[in-house]
Amino acid sequence: MSTILGIGECMVELSPRNEGQLDKSFAGDVFNTLWYARAALGSEWNVAFHSGFGNDAMSIKMKEFIENAGISCASSPIISDRVPGLYMIHLDGAERSFSYWRDTSAARKLMQDAETLWAKVRESDLVFLSGITLAILSDTDCERLLNGLRDNTRPNAKLAFDPNIRPRLWNDMDRMRTVISKAASISNIVMPSFEDEQVWFGDATPEDTAKRYQALGATQIIVKNGEDATLVLHDGEFSLHPVTPVSGVVDTTAAGDSFNGGYFAELLQTDDVAQAIKSAQSCAGTCVCFNGALVPFERLTS
Ligand code: ADP
């Protein structure tokens with residue numbers, strides 16, 4: 001059985017429905033990516049999520065939701081004195097803003113019982129994490145995670161990293177840049193969003209972003225750029241992949257996550273980068289036409 005493993009945080013999501021009412025769901029960047037990969041991968045693939053969960057009623061519901069989607073949480077530690085992180089979406093016309101309560105979430109303790117995580121990493125064909133995964137850990141756990149991934153990822157397996165830069169999760173911008181660069185330096189695949197990289201690393205063009213990550217050692221760099229073409233730098237060769245316009249865009253939440261999930265699923269099955277970009281863009285094109293982070297599976301299988 002082949003395995004894709006994602007390491008990160010899933011939160012409770014509260015979004016406005018009618019006046020005074022809220023809908024509840026679950027979301028978080030790495031989990032969202034696994035959701036889209038799960039939808040596209042056959043049953044011969046094991047999709048696994050490593051996080052930290054409490055044992056309160058909400059944590060139990062969250063875990064059930066993830067496992068009912070066919071994503072295993074078996075390696076994740078139970079952090080009995082912690083509860084899930086939570087965020088709320090506010091709508092002001094078409095403008096969305098977010099409030100977060102995640103400073104003491106169970107997921108921040110995902111490095112508890114690291115030996116179980118390393119065992120899972122050693123059996124995985126692709127391991128995925130993001131800058132958010134690293135931002136929520138203590139400095140020590142962040143270092144342990146990166147060193148452990150470097151030492152335990154199988155030589156023929158892929159380590160994939162999305163910097164997903166969220167400055168408000170980091171209290172020191174220099175450290176943020178250092179940690180993101182270190183994570184990229186141990187990864188084969190790096191999947192940045194140009195808009196963020198431009199602001200926080202000062203890249204003038206998507207080519208600059210790709211070259212910076214190549215210089216750190218990555219061999220497959222996929223620079224997402226919203227509606228603009230996706231830039232790929234693979235084994236030293238640049239290629240540009242235009243995004244097919246879609247009509248009916250309502251919500252770009254999780255565009256990058258759905259792109260990543262579609263990309264991994266195709267790459268793992270065909271090892272064809274150009275084909276994987278097509279699948280990724282198509283998956284993201286569907287995602288942006290739905291409200292919320294997760295498109296129901298029945299709407300994803302073409
Ligand atoms: P992130 O969500 O990480 O900022 P982007 O905004 O760059 O990522 O979007 C990721 C991908 O989603 C793009 O590469 C593209 O394929 C798709 N996408 C984003 N916005 C649109 C849009 N308005 N129309 C069609 N596809 C889009």
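Leaving aside neighbours within four places in sequence, Arg108 is in contact (heavy atoms within 4.5 Å) with Arg82, Arg102, Asp103, Ala135, Ile136, Leu137, Asp141 and Leu169. The model is predicted, so local features need pLDDT of at least 70 and side-chain atom pairs count only at pLDDT 80 or more, while totals for chains, interfaces and linings use all residues. Residues are numbered from 1 along each chain as its sequence is written, and side-chain values use heavy atoms, with hydrogens and water left out. The points below cover a loop, a sheet, salt bridges and a ligand.

**The loop between strand 7 and helix 3**

- Arg108 is placed in the loop between strand 7 and helix 3. Helices (H or I, at least four residues) and strands (E, at least two) are DSSP runs, numbered from the N terminus.
- Arg108 is buried, with a relative accessible area of 16%. Buried means under 20% relative accessible area, exposed means over 50%, and partly exposed lies in between (1.4 Å probe, protein chains only).
- The side chain of Arg108 reaches the backbone oxygen of Asp103 at 3.1 Å.
- Leu110 also has its place in the loop between strand 7 and helix 3. Leu110 is buried, and its relative accessible area is 0%.
- Not counting residues up to four places away in sequence, Leu110 touches Ile7, Gly8, His50, Ser51, Gly52, Pro77, Thr133 and Leu137.
- Leu110 and His50 are 60 residues apart in sequence, and their C-alpha atoms are 7.2 Å apart in space.

- Nine strands form an open sheet with mixed pairing, in the order 5-4-1-8-9-10-11-12-13. Two strands pair if DSSP finds at least two bridges between them.
- The edge strands are strand 5 (71-72) and strand 13 (237-241), each of which pairs on one side only.
- Strand 1 is mostly covered, with five of its six residues buried.
- Strand 1 and strand 4 (residues 45-50) run parallel and are joined by six bridges. Across this pairing, Ile4 stands opposite Val47 in strand 4.
- Strand 1 and strand 8 (residues 126-130) also run parallel, joined by three bridges. Here Leu5 stands opposite Val127 in strand 8, and Gly6 stands opposite Phe128 in strand 8.

**Salt bridges**

- Side chains of opposite charge can pair when their charged atoms come close.
- There are 15 salt bridges in the structure. A salt bridge is a side-chain nitrogen of Lys or Arg within 4 Å of a carboxyl oxygen of Asp or Glu.
- Glu9 and Arg102 form a salt bridge through their side chains, at 2.9 Å from N to O. Glu9 lies in the loop between strand 1 (2-7) and strand 2 (11-16), and Arg102 in the loop between strand 7 (95-101) and helix 3 (114-122), so the pair ties together parts that are 93 residues apart in sequence. Both Glu9 and Arg102 are buried.
- Arg150 and Asp151 form a salt bridge in which the closest N and O atoms are 3.0 Å apart. Arg150 is partly exposed, with a relative accessible area of 47%, whereas Asp151 counts as exposed at 52% relative accessibility.
- In the salt bridge between Arg212 and Glu197, the closest N and O atoms are 2.8 Å apart. This pair links distant parts of the chain, with Arg212 in helix 8 (residues 206-216) and Glu197 in helix 7 (residues 194-201), 15 residues apart.
- Arg212 is buried at a relative accessible area of 19%, and Glu197 counts as buried at 1%.
- A network of salt bridges links Glu197, Asp203 and Arg212.

**The ligand and its surroundings**

- The ligand is surrounded by 14 residues, the closest being Ser193, Gly226, Glu227, Gly256 and Ala284. A residue is near a molecule or strand if one of its heavy atoms lies within 4 Å of it.
- Helix 9 (255-270) and helix 10 (273-287) each supply at least two residues of the shell around the ligand. Helix 9 gives the largest share of this shell, three residues.
- A polar backbone atom of Gly226 is 2.7 Å from an oxygen atom of the ligand.
- For Gly256, a backbone N or O atom lies 3.0 Å from an oxygen atom of the ligand.
- For Asn225, a backbone N or O atom lies 3.5 Å from an oxygen atom of the ligand.
- Taken alone the ligand exposes 550 Å², and the protein buries 84% of that. Accessible areas come from the Shrake-Rupley method with a 1.4 Å probe; for residues, only the protein chains shown count as cover.

Conventions:
Polar contact = N/O pair within 3.5 Å; in protein donor to acceptor, adjacent residues only side chain to side chain.
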